[in-house]
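Morning, everyone. Please have a look at the structure on the screen, and then I'll walk you through a few of its details.

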Amino acid sequence: MVADGRAGAVTTFAYDKDARVPLPVMKVVLSDPASRGSTEVTPMVDTGFDGGLLLPLEQYIGLGRQNFEEPGGTFVVRSASGLAISLRSSRGVAAVGGKRFRCSVYTSPLLLRPLLGRGLLNRLKVTLDGPKGELTVRE
């Protein structure tokens, strides 16, 4: 974390360059609503996803998210390509830099890597710098 004289703390994340195309990613500490346990995840930033955090099923179960599922927390959404996808939903707390947010955590057996959507991005001041391959979060 680097201090910014004007706006507070600044956290910068390098894009994931191991992918075919460099992808913006962000480190998030995810905990349960009671803050009894937490883990760090590095989801890809997906501005086309309007939810909070979307985890692969194995990671969702491994983190015990099923213990915090909302009543009636299974629903069907449509992908940009029109594919119907069943999602499960639970409650969680996401921390990025020095900020913590209650958020919805979703899963689908079709997902291969975690995604962070606009449900969390809209609560942060985020700058994507493609030429530099950096994502910056300002407090």
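Start with E69. Its relative accessibility is 27%, so E69 counts as partly exposed. Keep in mind that this is a predicted model.

What does E69 form a salt bridge with? The partner is R88, and the closest N and O atoms are 2.8 Å apart. E69 sits in strand 7 and R88 in strand 8, so this pair ties together parts that are 19 residues apart in sequence. R88 is also at 27% relative accessibility, so R88 counts as partly exposed.

Now the strands themselves. Strand 7 covers residues 69–78. Strand 8 covers residues 84–96. The two run antiparallel, and six bridges join them.

Is strand 7 largely buried or largely in the open? Of its 10 residues, one is buried, so strand 7 lies largely in the open.

Back to salt bridges. How many does a search of the whole structure find? Two. Beside the pair we have seen, R113 forms one with D16. Here the closest N and O atoms are 3.4 Å apart. This pair links distant parts of the chain, 97 residues apart. R113 is in the loop between strand 9 and strand 10, while D16 is in the loop between strand 2 and strand 3.

Last, accessibility for that pair. R113 is at 27%, so R113 counts as partly exposed. D16 is at 19%, and under 20% means buried, so D16 counts as buried.

Technical notes:
Residues numbered from 1 in each chain as written. Predicted model: local features only at pLDDT ≥ 70, side-chain atom pairs only at ≥ 80, totals over all residues. Heavy atoms only, no water. Buried < 20%, exposed > 50% of the residue type's maximum accessible area, 1.4 Å probe, protein only. Helix = DSSP H or I, 4+ residues; strand = E, 2+ residues; numbered from the N terminus. Pairing = 2+ DSSP bridges. Salt bridge = Lys/Arg side-chain N within 4 Å of Asp/Glu carboxyl O.
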